[in-house]
Amino acid sequence: MLFFTRWKAAGILLTALIVCLFAVPNFFPESTVRTWPSWAQRHIVLGLDLQGGSHLLLEVDANAVRKERLQGIADEVLRVLRQARVPFTGRAVHGNSVEVRITRDSDIETALSKLRELSQPLSGILGTSGQRSINITESGGLITLTPSDAAVTERIRQAVDQSIQIIERRVNELGLVEPTIQREGLDRILVQVPGLQDPSRLKEILGKTAKLDFRMVDQSTSPEQALASHVPPDSEILDGEKGQKYLIEKRVLVSGADLIDAQPGFDQRNGEPIVSFRFNSIGARKFAEATQQNVGKPFAIVLDNKVISAPVIREPILGGSGEISGSFTVEQANDLAILLRAGALPAPLTIVEERTVGPGLGQDSINAGEHAAYVGAALVVFFMLVTYGLFGLFANIAVGINVAMIFGVLSMLNATLTLPGIAGIVLTVGIAVDSNVLIYERIREEVRAGRSAINAIDAGFSRALATILDSNITTFIAAAVLFYIGTGPVRGFAVTLGIGILTSLFTAFTLTRLIVAYWVRVWRPRTVPI
Amino acid sequence: MRLLRIVPDDTRFDFMRFRRISFPISAMLSIVAILLYFLHGLNFGIDFVGGTLIEVETKAGAANLAEMRSTIGSLHLGDFQLQQFGAANDVLIRISEQPGGDAAQQEAVQKVRGALGNDVEYRRVEVVGPSVSTELLAYGTIGLVLAIAAILVYLWFRFEWQFALGAMIANVHDLVLTVGFMSLTRVDFDLTSIAALLTILGYSLNDTVVIYDRIREMLRRYKRLSMPDLLNASINATLSRSIVTHLTVSLSLLALLLFGGQAIRSFTATMMFGVVLVGTYTSVFIASPILIYLGVGRTRLGEAEEPEKPPEAPAASTKPLAPAQRARAPR
């Protein structure tokens, strides 16, 4: 137990040294570290609870995605059956499926074979999974099309991916520093912005779908009459910004997807904030056609199912650009331009969790954490010296190196340090000390059992290490589970606790032993001063 | 230099005698803890029940809680609590979950921000919507159960099943008592509390395993010792380590409790109770004596460890029995 080959000893010391060196970048200001080679730049990131900032968890509205998918299937059914010249009635969305009744029994086979073309095989992890995107059943002329769960899940996954891209654009447009945007589970997105104190505007920007359509105003009847009697099937009633009602055609002339630019500006006549926009070539052509055909009639600019304005087309707009005025404030015009440039979200997002920490609290927490760590360390160091003397000093050296190694590993992983994480480190000191205590108590026992000094030390180490391994693995299991289920701060705690257990195992098995072995070789003790 | 000996060498304390007291006491305390949980409940934080937590610092001197209470009361946001948090100008505002899903929580925060205006600095705003809070509670519970199961399997693999079972009973007992403590002191029960419970579990297992390790070693070495004597010897042998380790852990925790700030105070207080008070008591007075009742016998372990050798107890009695057997054989 006390014999190390020269190479082994060098290997142990080198490992410890290298791991410790990884912690070095944390002690230099960020600007200095940037000039270093990239492998040396890895450092610990302070969690939002320590540096302040905003953490927002957004959820994609899965129901909206499902509804849109059903509407899409209904539209395709219409197209396919019309193409096949199959008469049908009662095409409608019922719960989780689309139903359609084929009028003539002789057409059922044709309809089914045409509709089956809509259903694509889904690819699984290994080639095709055998599942199809739509399950189609028929009974007595009634055909039911149900999107499979796997297909809906895939849609939600795609919606989240698209949303992440759009959120990135929106957040970048706001000029926020170093935001992190990542997927969480199936339908959630985590947005973290360090240093952001008041996330109100960010939330406003993220909460908007920003679906922009240009549509015609239905003038066949007034909105009031339509509400009183019946709304024409191809139109719908939409609210205006000030609560007024509009009757708007469902058909979309041009959608926001065809925009290539949007900028805030001011109306040259009255100085009011406006947003000017430019279409791509397809959008420009569609817009030109629509305005040519409808001179003198009002059209509506609809944002997220609200009518922003409904101006009358005075002359055809051929240049592919235009402006939206709608009694905005300057900030509203700014935000709208950002939203239009970034594009529409595929589905609405809801904020399901928010955690914002101001910079004051963050700094207080860092101070408190440091303070506690120093006091804790001082108490433990003193206690170990009093209890084990020279061996206590060895233990303190090992524990010190252990803490440095924790910081080194955290830096290597670019891990996030949170306040519970600091608590984890402080507790790890306790664990690391325990390893030494186990060894030393065992040595004391062996001495009492009448062994010679070197024999007792050797036996103490070899017997205690088995126990140390057993007891640390159980704590490590707890840390691993904590990491797996935990979020945010709790995970930070699990990370430092887990890493701390590993480094303290390393120090107990190698460093402490090495130090003691060296001491034995140099001093050749007759008694153990313990 | 004379070194500190907290525990004198070679203690021969009869811990096993206490099992007739410690078992009923623990059973009673556990029942009290469970009753507390069901009758008094836990002070669930927003992580698990949803709602809003805002920590503000008033800019002009100490906070006027009464004024703030009436300002927020006028917003009609349902149940809310104000609480001084550390310094005199630091106030914690807790607003219960608003009806109307996730979006409604956000509206509530906006209202509070509007009402308090610029007189305060927002140190912390936490909003947890209903969909997340249900999940967090489920994950937390699953995590605890999973951790206990994983550790149980590990112990089963390393020791005999009786040890695994004993450790589990002992540590579930720890968790039950700690939950009772949390119910009694009304500390916030949130994600951090789950972290605390898991750490307590880890630590107290750590302690139990150290003693079990020694018991296993003694079982192999002293095959004639009676079970209570053997357990006593094992606990006495590890007593000094138990106490020194718990002192160092308490020193670490004490530093965290005193200087670690308000944010982790409930965490450290819980840890202090669970690790230092309950954990130590359990490994000595519950986890070890329970092995007697679970029937840890030397013969079983001997067979498992050394299958080729004849078991100890029969070996001692084969000789006197042999003639009788021979005599019986012709019949």
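Let's start with one residue pair. A:Ala92 stands opposite A:Glu99 in strand S4 of chain A. A quick caution: this is a predicted model.

Now widen the view. Strand S4 covers residues 97-102 of chain A, and 5 bridges join it to S3(A). The two run antiparallel. Both belong to an open sheet of 4 strands in chain A, in the order S3-S4-S8-S7, with antiparallel pairing. Which strands stand at the edges? Strand S3, residues 88-94, and strand S7, residues 134-139. Each has a single partner strand, so one side of each is left without a neighbour in the sheet. On average, neighbouring strands here are turned by 15° against each other, direction ignored.

A helix packs on this sheet. That is H4 of chain A, residues 62-83. Helix H4 touches S3, S4, S7 and strand S8, residues 142-147. Its direction makes about 165° with that of S3(A).

Next, strand S20 of chain A, residues 349-357. Of its 9 residues, 8 are buried, so S20 is largely enclosed by the rest of the structure. What pairs with S20(A)? Strand S2 of chain A, residues 53-60, does, antiparallel over 8 bridges. Within that pairing, A:Glu59 has A:Thr350 as its bridge partner. Chain B also contributes.

Last, chain B itself. Chain B has 12 helices and 6 strands. Of its 331 residues, 44% count as buried. Take the contacts in chain B between residues at least 6 apart in sequence: 77% join residues at least 24 apart.

Terms used:
Residues are numbered from 1 along each chain as its sequence is written. Chains are lettered from A and ligands numbered from 1 in the order in which they are written. This is a predicted model: local features need pLDDT of at least 70, side-chain atom pairs count only at pLDDT 80 or more; totals for chains, interfaces and linings use all residues. A residue is buried if 20 or more other C-beta atoms lie within 10 Å of its own, exposed if 12 or fewer, and partly exposed in between; C-beta atoms are placed from the backbone. Two strands pair if DSSP finds at least two bridges between them. Two residues are in contact if their C-beta atoms, placed from the backbone, lie within 7 Å. Axes are lines fitted to C-alpha atoms, for helices over the stretch in contact, and angles run from 0 to 180 degrees between N-to-C directions.
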